[in-house]
Structures are given as structure tokens and as C-alpha cells.
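Visitor: I have a fold open on my screen and would like to learn how to read it. Could you take me through it step by step?

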Amino acid sequence: MAEIGDEERARANVPPEWRDVERLIDGGFHPAPAVVTDDSRAKTLAKQLVRAQPSSGPTARTFDPSLDADRRSSQFREAQIAACQQAYAQPADWHRTEIAVVVGADGTLRSARVAASSGRAPLDRAALEAVRRAVERRPIRDVCRGRAPDCAVEVRWAVEASARVEPPTVTPLVDPITNKVQGATVALFGLSFDESSGHVAFNYPFRRDVRTRVSLIAIGAPTVTSPDTRAPQ
């Protein structure tokens, strides 16, 4: 609980410049599925199905609340099916690497290291390289906020990745009179758009991809002074 509280405080008080770095890290972190997991497509999907936890989201404007209690209504069935399918499409396992970088007062990267391993060396290397590139690309000036010119700060990032498999999307065909399911259609392909990265993906059943997320978890005084920015072997 203490660690969660520290992360929330760090995110609430972080200067906006570090948000730019956070976006750069996420935009440059694209590990391949084989780097994230050794599981097969079938095993990955099986984990998603077993660990899925369907939950309700924002109510659609076209949804009639008066029909919510009527489990025979087509709206209710469609909403339940959509919630289940969305849950099944979510990753089951996340692998987290924590990267600590030391930045000088002028924004120069002094060191970068793996502070907490994901347990997968290739993934740790990919996370370390993504953070290092982002910090070098977007140097933060005056990170010490007016303190000594030779000071430095250590910033720690949580870089996470998860491999997942796209389950088949089933659309029920419901009779509007009887509210009974008469059949279903299965989408063969589709497109998805990631607003944060601007990436457009071509989706099809059983496609395997990787989801990532990055968050700043701490800013403080350096704990390591070694300028070693090499990736772990």
C-alpha cells in the first residue's frame, strides 16, 4: 500500500515535461510477442478466457435503463455479450520492468539501469533502451528546480508489457419481436486506432500482439552514481 501511495503522489506532482518523456517511452517501446512470453497462441488465449472479469462500462446513450432488469431484452443481451467479449480480449499477464535514470541539472542522461527486473532479460533490455532513448530525445532542463548546478535527480519508470490474442468477435442476431437469438456473425477482420500513438492496426481472429503501458513512479535523489547505461546481458 505504501508503494502504491508513493506512485500516486509521484504521478500527481510530476512536472508536465516528464509527461512528454512518458509518452515518448510508450511510443518507442514495441517488444515482439516472443520477447514478452514463451506461451503459445492457444495458451495465451486460454489464460485470457480463464482470467477474464467482465464488468460494466459507461452506459450507451441508446440504452434504455427501464429494460436493464429485463434479461430477455435484446439490449440487455447485447450489452452482456459485448462486456464479455471485451473482457476476453484483455491481456491476462503483465510483465513489469522498473528503470531508474539519473539526469543532471542540464538534462543530460548520466546513467540508466534496471532497478527491478521483469524476469525476462530481453524485455528488460527493450525497456531500458526505450527509456534511455526517450530521456536523451527530450532532455529536461533545470530538473533540480534552481538548486546546485551540479545536482542530479533519479527518476524511476514502470515499463510494462503483455502479449495477448484477439478472440473472435461474435455479433448476435436477435429477433426484435421475440428477443431471441436467431444466430450470430463472426467478424473476419477489422481496424483499430490507438489515439496515444496514432497507430492503426489490422485485426483478425487469433491475431497476437503486445499491449504496453508506462508510468512514472518516483522522482528523488540519486541512489546510484555509476554512469553505466548498458543493457543487462
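Guide: Let's start with pairing: two strands pair if DSSP finds at least two bridges between them. Helices (H or I, at least four residues) and strands (E, at least two) are themselves DSSP runs, numbered from the N terminus. Here Ser 162 stands opposite Arg 211 in β8.

Visitor: Before we go on, what sort of model is this, and how are residues numbered?

Guide: It's a predicted model, where local features need pLDDT of at least 70, side-chain atom pairs count only at pLDDT 80 or more, and totals for chains, interfaces and linings use all residues. Residues are numbered from 1 along each chain as its sequence is written, and side-chain values use heavy atoms, with hydrogens and water left out.

Visitor: How many helices and strands are there in the chain?

Guide: You'll find 6 helices and 8 strands. Going along the sequence, the pattern reads α-α-α-α-α-β-β-α-β-β-β-β-β-β.

Visitor: In what order do the strands of the open sheet come?

Guide: An open sheet of 4 strands has the order β2-β1-β3-β8, with antiparallel pairing. Its edge strands, β2 (109-116) and β8 (208-220), each pair on one side only. On average, neighbouring strands in this sheet are turned by 20° against each other, direction ignored.

Visitor: Over how many bridges do β3 and β8 pair?

Guide: Strand β3 (residues 152-165) pairs with β8 over 12 bridges, in the antiparallel sense. On its other pairing, β3 meets β1 over 10 bridges, also antiparallel, and there Ala 100 stands opposite Arg 156 in β3.

Visitor: Is β1 mostly covered or uncovered?

Guide: First the cut-offs: buried means under 20% relative accessible area, exposed over 50%, partly exposed in between (1.4 Å probe, protein chains only). For β1, 8 of its 10 residues are buried, so by that definition the strand is mostly covered. Across the 233 residues of the chain, 34% count as buried.

Visitor: Which strands does helix α6 lie across?

Guide: For angles, axes are lines fitted to C-alpha atoms, for helices over the stretch in contact (heavy atoms within 4.5 Å); angles run from 0 to 180 degrees between N-to-C directions. Helix α6 (residues 121-137) lies across β1 (95-104), β2 and β3, at about 35° to β1.
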